[in-house]
Amino acid sequence: MRELHTATIIHNKPIAPGAWLLSFKRTFDFIAGQVIGIALDQHTEPRLYSIASGEKHHEIWILYTVKQDGLLTPPLSQLKSGDKIRITQPFGNFICKEKEAVWIATGTGIAPFASMFFSGQHQGKTLIQGSQSMERMYFHKHFQKEMGTSYHPCCSRETTAGCFHGRVTDYLEQQPGIKTGIPYYLCGIAEMVVDVRDILIARGVPFSNINSEIFF
Ligand SMILES: Cc1cc2nc3c(=O)[nH]c(=O)nc-3n(C[C@H](O)[C@H](O)[C@H](O)COP(=O)(O)OP(=O)(O)OC[C@H]3O[C@@H](n4cnc5c(N)ncnc54)[C@H](O)[C@@H]3O)c2cc1C
């Protein structure tokens, strides 16, 4: 088991129905795309969370949804500013070093790409973000402002101007040309990652160009 350190919560606020943004002071370096473990105490097994803030931010941001019957997230969502949590050091290899790449995320799977974005790594990247509703299209306004036509929000249950109506899989299937020689980074639940991977492979993207982080 990884060593746990104490962190003091700065903010822990709902930002959309069922979704919270937790912040605490950054006391370590990390690479955008990495995760940390979070536990409430020394006795429970930490759950993993992708860091959503930029590498140089003075705060670490964690974007999480509350699983009603989960062990960690219901009590975590009750914590207030000044309360303590236990965290591991950052780790993980979901890191994008290439100049050109496509980032694809649904739900809280946007977190590692938000971190890359807030670390200034979005030049040359295409971001395809999926959500059921616009209020859960986390960090949408930041991406839209800075990434312009390289940003493709896909909303499956609402019709909104400037937003593809459907899932990320529908969006990909409707694209006439898919670049096959660049890396793709996928993050979200297993079903989305597998479905997107299958589409990319069917469209000629080599398996070795597909990098995935599955939230389970
Ligand atoms: C690499 C990685 C990064 C992640 N990053 C994020 C992130 O940025 N944001 C985020 O919100 N989540 C993230 N997750 C998911 C996160 O780690 C937790 O799994 C999630 O927050 C649920 O934690 P919990 O303790 O509340 O629920 P858990 O207690 O883990 O339960 C989750 C669900 O599984 C069910 N369950 C639990 N045990 C069993 C069992 N034995 N049999 C059947 N069902 C069971 C529960 O009923 C519940 O519905 C990530 C996961 C991974 C692997």
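In which sense do strand E1 (residues 5-16) and E6 pair, and over how many bridges? E1 and E6 run antiparallel and share 4 bridges. Here, strands pair when DSSP finds at least two bridges between them, and helices (H or I, at least four residues) and strands (E, at least two) are DSSP runs numbered from the N terminus.

Before going on, two notes on the model. Residue numbers start from 1 along each chain, following the sequence as written. The model is predicted, with local features needing pLDDT of at least 70, side-chain atom pairs counting only at pLDDT 80 or more, and totals for chains, interfaces and linings using all residues.

**Around strand E6**

Back to strand E6, which covers residues 84-87. Ile85 and Ile87 make up the covered face of E6, while Lys84 and Arg86 sit on the uncovered one. Thr8 has Lys84 in E6 as its bridge partner. E6 is also joined to strand E3 (residues 35-39), with 2 bridges in the antiparallel sense.

**Two domains**

Where they meet, 15 residues of domain 1 are in contact with 12 residues of domain 2, contact being C-beta atoms, placed from the backbone, within 7 Å. On the domain 1 side, E5 gives the most, with 3 residues. That side of domain 1 is made up of 8 nonpolar, 6 polar and 1 charged residues. For these classes, Ala, Val, Leu, Ile, Met, Phe, Trp, Tyr, Cys and Pro are nonpolar, Asp, Glu, Lys and Arg are charged, and the others, Gly among them, are polar.

**The ligand's surroundings**

There are 19 residues around the ligand, and Tyr64, Gly70, Leu71, Leu72 and Thr73 come nearest. To be near, a residue needs its C-beta atom, placed from the backbone, within 6 Å of the molecule or strand. Strand E4 (47-50) and strand E5 (59-65) are the elements that give two or more residues to this shell, and E4 gives the most, with 4 residues. By type, the shell holds 10 nonpolar, 5 polar and 4 charged residues. Domain 1 and domain 2 each supply at least three residues to the shell.

The largest nonpolar core has 52 residues. A core of this kind is a set of buried Ala, Val, Leu, Ile, Met, Phe, Trp, Tyr and Cys residues joined through C-beta atoms within 7 Å. Among the residues with the most contacts inside the core are Ile62, Trp103, Phe113 and Val196. Helix H2 (residues 111-118) gives the most to this core, with 6 residues. The core lies between domain 1 and domain 2, because both of them give residues to it.

H2 itself is largely enclosed by the rest of the structure, since 8 of its 8 residues are buried. Buried means 20 or more other C-beta atoms within 10 Å of a residue's own, exposed means 12 or fewer, and partly exposed is in between, with C-beta atoms placed from the backbone. Leaving aside neighbours within four places in sequence, Phe113 is in contact with Trp103, Ala105, Leu127 and Cys187. Just after H2, Gly120 has a positive phi of about 80°.

**The parallel sheet**

What order do the strands of the open sheet take? The 6 strands run E10-E9-E8-E7-E11-E12, with parallel pairing. Strand E10 (164-165) and strand E12 (210-214) are the edges, each pairing on one side only. Further in, strand E7 (residues 101-106) and strand E8 (residues 125-131) pair over 6 bridges. Val102 stands opposite Thr126 in E8.

Val193 is part of helix H5 (residues 190-202), and Gln123 is in the loop between H2 and E8. Val193 counts as buried because 21 C-beta neighbours lie inside 10 Å. Gln123 has 10 other C-beta atoms within 10 Å, so Gln123 is exposed. Not counting residues up to four places away in sequence, Val193 touches Leu186, Gly188, Ser212 and Ile214. Here is one partner for each of these two residues:

| Pair | Apart in sequence | C-alpha to C-alpha |
|---|---|---|
| Val193 and Ile214 | 21 residues | 7.0 Å |
| Gln123 and Lys99 | 24 residues | 7.5 Å |

Methods
Domains from an automatic or database assignment.
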